[in-house]
Structures are given as structure tokens and as C-alpha cells.
Amino acid sequence: MTAAPAFVAVDWGTTRLRAWLLDAAGGVLAERRGDDGLISAREKGFATVLDGHLAAMGAPAGLPVVTCGMVGARQGWLEAPYADVPVPLAAVLEGAVKVPHGSRDVRIVPGVAQRLTDAPDVMRGEETQLAGAGLESRGRHIVCMPGTHSKWVAVEDGAVTGFGTWPTGELFSVLAAHSILRHSLGEHPAAVSADAPLFRRWCETALGEGGDVMARLFSIRAAGLLQGLGGADAAACLSGLLIGAEIASASRRYRLGGGAVTLVASGPLGVLYGAALGLAGHAIRPVDADEAVRAGLFEAARRNGMVP
């Protein structure tokens, strides 16, 4: 017998949307993905976009919806005010903001803010992944969440106590498209393999130099001119250098030494970071990012009385 739909979970980012029709145990009954992120939804209307995906999944009328991500930003559907660190993840989920939407109960999980004068920072969406990452309720955990803007988060006894953002993916894109390195990487930079010798070598270089890689960047261009470094190898060098620099910097900030890191990631990027963290001497606890955000949204629905 097919399980009955209980609610819809939506991870709504700047450019992408992922939605899952879930049963009361968190099982996936249907799934939707699309380019209906904040940018597109602001033009079409958030309610219109959501209703279209709900209809496509066959969600019954009145079924509740819980969302996270940029949908709750100031430019989103409805601003869900940040919760300030230190803050228990349970309290963040319980603070989901209700959105006016006809007969449906639609909630948005708030983001988290760090209001330190010398290290201000914000996150939206990652807090929900953290809640679903299966972290032990006691003890200190360091979590790495790779992406365009990678997050490193300290969680202690179930509460976010601090975090930082490393825009590693954005730096790669900007340098590849708008710097002298575009001549080395080409118009469409090649995908990078974690097994590529140059990725590993340049990652180890960045780790060994503590993340101080400014003087190394132009070497990629020089290697093309003097040593015949090709486009695919140049991409591997740049990726290894930037990811290694991020890990070295974060390890220093959070005094990791050779400590364990929970890696919340999916796909090729997760493989790259897993390899780089291994080169840095860290034990890794891998968590699939899609599964984590679904689990976090399920917990948010439970804490807001949306799951039977």
C-alpha cells in the first residue's frame, strides 16, 4: 500500500529549487527540481511557482509546505529574520515563519547570523542541512559545507556557536572567466578529477603554505607559457590551490589539527573536498547534502506540528 503524502519539503535557493513530496516517515513520494530559484520566482511570483510544482507532484489541496533557503531572504517571498549565534538548531527550526498562502500552511525556516564586528556572516539553507546532518547532540563538531560560498560551522552540544564563509567556488569562476588565467583555462574550464596528480600537488602546496596562495596564482599562467600546461591541467591546478587554501584557513581558524570533519556535500564537489581533506590529514564523516536538507526539513515540519 502506498504511503499517504504528509507534507512538502522545499529547498529554495538563489537560482535553483528542489521540492520533495514526503510521507509521515520522511519517505520520498515525488520530487521536483528546476531553475525556479529566487531570481526567477520574484518575476513569476513565489506562490505561482510553488503551486506549479505542487500540482506536478500531485500534492493534495491543503497539504502543508516547509521551505528553507533564499526564499526567506529580504528579497524573497517573506523575510524570515535571522537567528543569532550561539543558537540551538532546534530553536532555529521552531522559529519557522508562516507565509500567507490561502488554505495551505507554508513555513520558511530562518537563517542564522553571526554579528561579530570583525567577522559578520550569514547563512540561509545551511542551517537546515546542519539540523539533518545526524550530528551527535553532545560534543563539538566542525562541519564543512562546500559550494559557491563554502561554509565551515562549529556546532557544540546541538547549537551553532560560530561559522565562516569561504567564497571558493565564486573565486574559481571569477578567476577563470575574468582574469589572466582565462587564457590558461579556456572558455569552458574542464571538470576536475580528485585523482588528477596536479589537483593533489597544488592542493598540497596550498596546505603546506597555510593557505597563502596569492603568489601562486600567476604561476598557473606562467606554467602554460613556459611548460606547456594545458587547459584541463590548469583547471586542476587552480581548483587544488583554492580548495587547499580554504581548508588550510578553516583548519587554522577552528584549530582543527588533525581533527575530524563532517563533510556535507553531494556529487563531484564532495569528492574533491573529501580528497583534499584527506590530504590535510582530517578524518572525514561524509553526509549527502540532499539527504541532509530533506532530513532537516522533516525535523522542521515535525517541530512545527506539520507532520501527523
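Which residues are buried in helix 2? The legends below start there.

**View 1. The buried side of helix 2 in a predicted model.** Phe46, Val49, Leu50, His53, Leu54 and Met57 are the buried ones (under 20% relative accessible area, with exposed over 50% and partly exposed in between, using a 1.4 Å probe and protein chains only). They sit on the same side of helix 2 because they cover an arc of only 130 degrees around the axis, the arc being that of the directions from the helix axis to the C-beta atoms. An α-helix has 3.6 residues a turn, so residues three or four places apart point the same way. Look to the other side of helix 2 and you'll find Thr48 and Ala55 exposed.

**View 2. Helix 2 from end to end, residues 46–57.** Its 12 residues reach 17 Å from first C-alpha to last, close to the 16 Å expected at 1.5 Å a residue (that is, 1.5 Å times one less than the number of residues). Gly58 follows helix 2, with a positive phi near 75 degrees. Helices (H or I, at least four residues) and strands (E, at least two) are DSSP runs, numbered from the N terminus.

**View 3. What helix 2 packs against.** The buried residues of helix 2 have quite a list of packing partners, including strand 1 (5–12), strand 2 (17–23), strand 3 (28–34) and helix 1 (38–44). Strand 4 (65–69) and strand 8 (106–108) are also among them. Contact here means heavy atoms within 4.5 Å.

**View 4. Strand 11 meets strand 12.** Residues 140–145 (strand 11) and 150–156 (strand 12) pair in the antiparallel sense over six bridges. For Met145, the bridge partner in strand 12 is Lys151.

**View 5. Stepping back to the chain.** The secondary structure comes to 11 helices and 15 strands, and buried residues make up 52% of the 308 residues. The C-alpha atoms fill a box of roughly 65 × 45 × 40 Å along the principal axes.

**Notes on the views.** Residues are numbered from 1 along each chain as its sequence is written, and side-chain values use heavy atoms, with hydrogens and water left out. In this predicted model, local features need pLDDT of at least 70 and side-chain atom pairs count only at pLDDT 80 or more, while totals for chains, interfaces and linings use all residues.

Definitions and conventions:
Two strands pair if DSSP finds at least two bridges between them.
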